[in-house]
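I opened the model today and kept notes as I went. The entries follow in the order I looked things up.

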Amino acid sequence: MSSNVLAALLGWLLALIIFCGFIVLLRYLDHRERMALIARGLDLESLQRHNRSRRTLRAGLITMMVGLALTFGLYPLGFMLPSSLTAAPFHLGPWLLPGLIPLGVGAALVASYYLEQDGQPPRGRNQSPPPFGPPS
């Protein structure tokens, strides 16, 4: 094997190890957070439901912004293509679909976030946190 192939394989192996290590670190931090919540007597289910809905909003906003950026980036193609392909008004065409599809998916995720809201904060948020120290 040449040294270039060996370096590429080692680079991929190192990237895979870093990726898996990052996933293990995230799981460990999640475990520590759960144990701290249980030790303080906070309601774990309502906090998880609140965090899950916030993740839905964040994912929807990211997806929607990527779709919007792709749509704006692909729009000038309508001016570059021959006029026989761009007969639609405002130079719209099928080349905008790679941007419009994630834009629609992101908008649906954001809408689902606002439709799921029950208007009540999760239990345990109104309580003052206990002082730092070992659990008794």
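What percentage of the 136 residues of the chain count as buried? I read off 14%. Buried means under 20% relative accessible area, exposed means over 50%, and partly exposed lies in between (1.4 Å probe, protein chains only). The areas come from the Shrake-Rupley method, and for residues only the protein chains shown count as cover.

Ground rules next. This is a predicted model, where local features need pLDDT of at least 70, side-chain atom pairs count only at pLDDT 80 or more, and totals for chains, interfaces and linings use all residues. Residues are numbered from 1 along each chain as its sequence is written, and side-chain values use heavy atoms, with hydrogens and water left out.

**Secondary structure.** I found 4 helices and 0 strands. The order from the N terminus is α-α-α-α. Helices (H or I, at least four residues) and strands (E, at least two) are DSSP runs, numbered from the N terminus.

**Helix 1.** I checked the length of helix 1 (residues 3-40). Its 38 residues should span 56 Å at 1.5 Å a residue, and the end C-alpha atoms are 55 Å apart, so the two agree. The expected span is 1.5 Å times one less than the number of residues. Gly41 follows helix 1 and has a positive phi, near 80°.

**Salt bridge.** I searched the whole structure and got 1 salt bridge. The criterion is a side-chain nitrogen of Lys or Arg within 4 Å of a carboxyl oxygen of Asp or Glu. Arg34 and Asp30 form the bridge, at 3.7 Å from N to O. They sit 4 residues apart in helix 1, which means a separation of about one helical turn. Arg34 is partly exposed at 33%, and Asp30 is partly exposed at 31%.

**Nonpolar patch.** Leu6, Leu10, Leu13, Leu16, Ile17, Phe19 and Ile23 make a nonpolar surface patch of about 680 Å². Patch residues have over 30% relative accessible area and no salt bridge; like charges are joined within 9 Å, nonpolar side chains (Val, Leu, Ile, Met, Phe, Trp, Tyr) within 5 Å. I looked up Phe19, which lies in helix 1. Phe19 counts as exposed because its relative accessibility is 52%.

**Positive patch.** Arg52, Arg54, Arg55 and Arg58 gather in a surface patch of positive charge. Lys and Arg count as positive, Asp and Glu as negative; His and the chain ends are not counted. Each charge is placed at NZ of Lys, CZ of Arg, CG of Asp or CD of Glu. I placed Arg54 in helix 2 (residues 44-74). Arg54 is partly exposed, at 39%.

Note on methods:
Accessible areas come from the Shrake-Rupley method with a 1.4 Å probe; for residues, only the protein chains shown count as cover.
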